[in-house]
Amino acid sequence: ADLVDDIEHLRKHLGIDTWALLVGGSWGSTLALAYSQAHPDVVRGMVLYSIFLPSTRSIEWLYCLGGASDFFPDAYDNFISHLPFAERTKPMEAYYHRLQSPDDAVRLPAVSK
């Protein structure tokens, strides 16, 4: 909601009455959809490509074994390389705990991946 509010604040700040066209790809397409649902009266059209709708299945396909890892094994190995072996079966959970850590030594390596 914060990003949608930021876009609306920017629209008003710039004095734009309506967006003639929102264009977004991947995460930008998701954001454009969220914005247009929250403010349908100021969006006249959208061009969306490389749609990413974050469902549990699509996120698991992207970040867990058996999805994108099958197509890009080197990138996936790099993604999990700093995780202890015991945590590599649930990388999303492992990254979540690291990214929430107040300890820079734990959090910063996860941010760089």
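## Aromatic contacts and helix packing

Trp 61 has a relative accessibility of 42% and therefore counts as partly exposed, since the class lies between 20% and 50%. The model is a predicted one.

By the distance rule for ring centres, four aromatic pairs are counted. One of them joins Trp 61 and Phe 71, with 6.2 Å centre to centre and 40° between the planes, a tilted arrangement. Trp 61 belongs to helix H3 and Phe 71 to helix H4, so this pair ties together parts that are ten residues apart in sequence. Phe 71 is exposed, at a relative accessible area of 60%.

Tyr 63 and Phe 79 form another tilted pair, with the centres 5.6 Å apart and the planes at 40°. This pair links distant parts of the chain, as Tyr 63 is in helix H3 and Phe 79 in helix H5, 16 residues apart. Tyr 63 is partly exposed at 31% relative accessibility, whereas Phe 79 is buried at 15%. Tyr 63 and Phe 79 also belong to one aromatic cluster, together with Tyr 76 and Tyr 95.

A contact of another kind involves Arg 88, whose charged end sits over the ring of Phe 85 at 4.2 Å from the ring centre.

Pro 109 lies in helix H7, which covers residues 104–112. With 31% relative accessibility, Pro 109 counts as partly exposed. When neighbours within four places in sequence are set aside, Pro 109 is in contact with His 82 and Asp 104.

The accessibilities given above are collected here.

| Residue | Relative accessibility | Class |
|---|---|---|
| Trp 61 | 42% | partly exposed |
| Tyr 63 | 31% | partly exposed |
| Phe 71 | 60% | exposed |
| Phe 79 | 15% | buried |
| Pro 109 | 31% | partly exposed |

Notes
Residues are numbered from 1 along each chain as its sequence is written. This is a predicted model: local features need pLDDT of at least 70, side-chain atom pairs count only at pLDDT 80 or more; totals for chains, interfaces and linings use all residues. Side-chain values use heavy atoms; hydrogens and water are left out. Helices (H or I, at least four residues) and strands (E, at least two) are DSSP runs, numbered from the N terminus. Buried means under 20% relative accessible area, exposed over 50%, partly exposed in between (1.4 Å probe, protein chains only). Contact means heavy atoms within 4.5 Å. Rings of Phe, Tyr and Trp (its six-membered ring) pair if their centres lie within 6.5 Å; planes under 30 degrees apart count as stacked, over 60 as edge-to-face and the rest as tilted. A charge sits over a ring if NZ of Lys or CZ of Arg is within 6 Å of the ring centre and within 35 degrees of the ring normal.
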